[in-house]
Amino acid sequence: MATDLHRQVIRPAGQKTDRKPDRPGTGTGTGTGTGTGAGTAVRVEGLTRAFDGRAVIDRLDLDIRPGEFTALLGRSGCGKSTLLRVLAGLDREVEGSVLVPRRRAVAFQSPRLMPWKPVWRNVLLGLPGHPDRAVAEQALEEVGLGHRSGAWPKTLSGGEAQRASLARALVREPDLLLLDEPFGALDALTRITAQRLVAELWQRRGCAVLLVTHDVDEALLLADRALVMENGVIAHDNPVALPRPRDPGDPRFAELRSRLLDQLGVDNHPAAQAA
Ligand SMILES: Nc1ncnc2c1ncn2[C@@H]1O[C@H](COP(=O)(O)OP(=O)(O)OP(=O)(O)O)[C@@H](O)[C@H]1O
Ligand SMILES: [Mg+2]
């Protein structure tokens, strides 16, 4: 699988990647463009991103398998979007090693459509060559928006605009789909529809997904793994081994929800709620 490479940290031999490393010599070598290996879509090792001398991401390690749906949770300001931007290749001011598929796409909370271009042109925006309108229309069909291909973005509802943004991501045929709170601004009903759509698209396309969300139930409905970010690293990595479609009424769902809320520092015990 084709990969990009950021600066590579030279790591002590044999150091595991599933825990916070001892502080390495922080020697930033130039690294060579090796692949992530057949079983890995994303491999992040010793990633550090600092703003004004403050490390928001601090020697973070993360592996994501091809086709795996991973949810990323964490308190506001803990660095989720920063990590996503690095994986998207939008921020290269980093130390560490970041290997990602060359084909990747990102969708944000706000759909970021250009108001002066019709929906289908927005979908094709930034694609190399001159792809045909039919390419955009196929992706729009996939998100149930084929009939709005020629519409102006300002005439779309919030949910429709978000679906157009998803079509723009899909048209890139990503091996890695990065979603930063894509349903955050949607009303509850539209949000459920959008979640189902993403689940369907993921099952059909088979790409790896990293979804940033604040919604514990959303993470448990959609993901194979729920990560909690804290102090600049992945502090908790929870497998979500529940059958699909998921049932929030399932006691195992409730148990995982409770564990995640604990990890997020939300007091969810009945006595605390009654107080
Ligand atoms: N370009 C920047 N310059 C300076 N500080 C930044 C920059 N981008 C992010 N930060 C800081 O890094 C920290 C992490 O920001 P980030 O947006 O990654 O948080 P987040 O986990 O996505 O939060 P939220 O859940 O609120 O979206 C914040 O303290 C933020 O102020
Ligand atoms: Mg964010």
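This is a predicted model: local features need pLDDT of at least 70, side-chain atom pairs count only at pLDDT 80 or more; totals for chains, interfaces and linings use all residues.
1. An α-helix has 3.6 residues a turn, so residues three or four places apart point the same way.

2. As for its dimensions, α5 runs over residues 188-205 and has 18 residues. From first C-alpha to last, α5 reaches 26 Å, close to the 26 Å expected at 1.5 Å a residue. Just after this helix comes G206, with a positive phi of about 75 degrees.

3. Among contacts with a separation of 6 or more, 70% are between residues 24 or more positions apart.

4. The largest nonpolar core has 70 residues, and V42 and A167 touch the most other members. Helix α4 gives the most to this core, with 6 residues. In soluble globular proteins, nonpolar side chains tend to be buried together.

5. Which residues are around ligand 1? They are F51, V56, G74, S76, G77, C78, G79, K80, S81 and T82. By type, this shell divides into 3 nonpolar, 6 polar and 1 charged. Helix α1 (residues 80-88) supplies the largest share of the shell, 3 residues.

6. I234 is found in strand β12 (residues 233-239). Is I234 buried or exposed? I234 is buried, because 22 other C-beta atoms lie within 10 Å; the cut-off for a buried residue is 20 or more. Leaving out residues up to four places away in sequence, I234 touches L60, L62, L227 and M229. I234 and I57 are 177 residues apart in sequence, yet their C-alpha atoms are 9.5 Å apart in space.

7. Some backbone angles deserve a check. Most residues other than glycine have a negative phi, and most peptide bonds are trans. R59 is not a glycine, but has a positive phi of about 60 degrees. R59 is placed in strand β5 (residues 54-64), and counts as buried because it has 20 C-beta neighbours inside 10 Å.

8. R112 is another residue other than glycine with a positive phi, near 55 degrees. R112 is found in the loop between β8 (104-107) and α2 (119-124). With 14 other C-beta atoms within 10 Å, R112 is partly exposed.

9. For the bond between R244 and P245, omega is about -5 degrees.

Notes:
Residues are numbered from 1 along each chain as its sequence is written. Chains are lettered from A and ligands numbered from 1 in the order in which they are written. Helices (H or I, at least four residues) and strands (E, at least two) are DSSP runs, numbered from the N terminus. The expected span of a helix is 1.5 Å times one less than its number of residues. A residue is near a molecule or strand if its C-beta atom, placed from the backbone, lies within 6 Å of it. Ala, Val, Leu, Ile, Met, Phe, Trp, Tyr, Cys and Pro count as nonpolar, Asp, Glu, Lys and Arg as charged, and the others, Gly among them, as polar. A residue is buried if 20 or more other C-beta atoms lie within 10 Å of its own, exposed if 12 or fewer, and partly exposed in between; C-beta atoms are placed from the backbone. Two residues are in contact if their C-beta atoms, placed from the backbone, lie within 7 Å. A nonpolar core is a set of buried Ala, Val, Leu, Ile, Met, Phe, Trp, Tyr and Cys residues joined through C-beta atoms within 7 Å.
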